[in-house]
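Subject: Structure handover

Dear colleague,

Here is the structure I said I would pass on. My notes on it follow below.

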Amino acid sequence: MTARAVHTTHAPQSSTPSPGARRHVLTAVALAATVPYLALKAAWLSGSRIGIPDGSVLLEAGMFLTVANAVTLAMDACVILLVLVLTRPWGLRTPAWMLTVPVFTATGLLTPILLAFPGQLLVRALGFGTGPEAAAARVPFLDDWVFIVVYTGFTVQGLALAALFVPYARKRWGRRWQGVLGERLPSPTGVVAAAAASGALVLAAICVYWAFGGTAGLSAERVEAHSAQSAVGSVVSAMCALAAGAGAVLLARGGALGARWPLGLAWVGAAATLAWGAWLLIASLGPELDAGEGTPVVTQLIYAGQMVTGSLATAVLVRFLISRRES
């Protein structure tokens with residue numbers, strides 16, 4: 001056999017990147033996406049005014065803003081640790097709760113941004129954003145480029161983390177979502193799922209009402225700031241609440257439906273509804289930076305309702321996963 005014949009017997013090499021190469025790329029992308037936010041927060045904590053225009057209410061925020069910047073910087077820095085857990089061999093030995101709680105929180109905080117930010121950019125590109133007159137009348141807050149840079153970074157972080165977490169979870173807990181849903185969960189869990197679904201319907205109705213310009217329960221500042229871009233955010237909140245309720249009901253009912261989609265709905269919807277409800281409620285309890293009238297009690301109750309609905313859907317999700325472990 002000639003050397004040429006031996007050479008031609010080799011199987012053609014695939015141009016598809018190996019899983020290891022894809023993981024390295026995603027790791028680099030996720031880590032790089034944290035840099036803009038961390039750099040901005042570090043700069044503000046050190047006294048810099050980069051991105052903060054003259055007259056901004058942030059210049060008079062005092063200790064509250066300092067604490068808020070420190071906390072949010074630490075939260076985004078945790079993304080770095082999360083990436084290491086998802087990509088290093090020792091990450092598979094990490095206790096489940098130490099991983100799932102941060103991932104659940106990250107899912108909840110980043111999913112609405114992943115859904116709303118592209119929609120808001122599209123609305124703005126189509127000319128439905130805030131007009132120049134309204135923009136000029138606003139109280140200065142941050143330069144426009146800050147929002148673009150920060151939310152682009154969050155979007156990239158969310159996509160990269162999801163791409164890293166799915167194969168990790170498939171390797172570690174794949175059997176939890178293999179096959180169909182199976183038997184109906186115990187009756188008390190069904191009651192919890194029904195309560196989550198009811199809460200989700202109420203929340204979705206309120207968010208859609210706000211999206212179309214409804215003003216009940218909103219402060220004068222929120223009413224004045226309403227735009228097509230804020231409407232996109234309200235619609236996304238409604239979608240997340242409905243996903244939480246639907247996922248909880250499907251998991252509780254069981255049946256022949258594949259498990260992965262109800263699990264995905266419950267995980268993403270519950271995380272987003274719970275995390276953003278908590279975030280908005282905490283923010284509403286802080287001092288008013290612009291000396292406004294503050295968040296109405298009705299709105300705070302709605303935020304609390306988001307937390308309750310998300311918590312109920314999370315309870316159903318946990319009960320379902322426990323049942324899969326027991327089976």
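**The second largest pocket**

Helix α4 gives the largest share of the lining of the second largest pocket, eleven residues. The model is predicted: local features need pLDDT of at least 70 and side-chain atom pairs count only at pLDDT 80 or more, while totals for chains, interfaces and linings use all residues. Residues are numbered from 1 along each chain as its sequence is written, and side-chain values use heavy atoms, with hydrogens and water left out.

The volume of this second largest pocket is about 1300 Å³. There are 36 lining residues, and Val103, Phe165, Ala169, Trp177 and Trp267 are the closest to the pocket centre. Two or more lining residues come from each of α3, α4 (96–125), α6 (144–173), α10 (260–285) and α11 (297–326). By type, the lining has 26 nonpolar, six polar and four charged residues. Here Ala, Val, Leu, Ile, Met, Phe, Trp, Tyr, Cys and Pro count as nonpolar, Asp, Glu, Lys and Arg as charged, and the others, Gly among them, as polar.

A pocket is an open set of points on a 1 Å grid over the protein atoms alone, where a 1.4 Å probe fits, with protein on both sides within 12 Å along at least five of seven lines; lining residues have an atom within 4 Å of a point. Grid points are joined across faces, edges and corners, and the volume is the space filled by probe spheres set on the points.

**Overall make-up**

The protein chain has eleven helices and two strands (DSSP runs numbered from the N terminus: helices are H or I of at least four residues, strands E of at least two). From the N terminus on, the order is α-α-α-α-α-α-β-α-α-α-β-α-α. Of its 327 residues, 37% count as buried (under 20% relative accessible area; exposed is over 50%, partly exposed in between, with a 1.4 Å probe and protein chains only).

Alanine 30, in helix α2 (residues 19–45), counts as buried because its relative accessibility is 0%. Its C-alpha is 6.8 Å from that of leucine 161, 131 residues apart in sequence.

**Salt bridges**

The whole structure holds two salt bridges (a side-chain nitrogen of Lys or Arg within 4 Å of a carboxyl oxygen of Asp or Glu). In one, arginine 124 pairs with aspartate 144, the closest N and O atoms being 3.7 Å apart. Arginine 124 lies in helix α4 and aspartate 144 in helix α6, so the pair ties together parts that are 20 residues apart in sequence. Arginine 124 is partly exposed at 42% relative accessibility, and aspartate 144 is partly exposed with a relative accessible area of 42%.

Aspartate 54 and arginine 49 form a salt bridge with the closest N and O atoms 2.5 Å apart. Aspartate 54 counts as exposed at 64%, and arginine 49 as partly exposed at 42%.

**Nonpolar patch**

Met63, Val67, Val71, Met75 and Trp279 make a nonpolar surface patch of about 460 Å². Patch residues have over 30% relative accessible area and no salt bridge; nonpolar side chains (Val, Leu, Ile, Met, Phe, Trp, Tyr) are joined within 5 Å, and like charges within 9 Å. Areas come from the Shrake-Rupley method with a 1.4 Å probe; for residues, only the protein chains shown count as cover. Helix α3 (residues 63–87) gives the largest share of the patch, four residues. Valine 71 is in helix α3 and counts as partly exposed at 43% relative accessibility.

Regards
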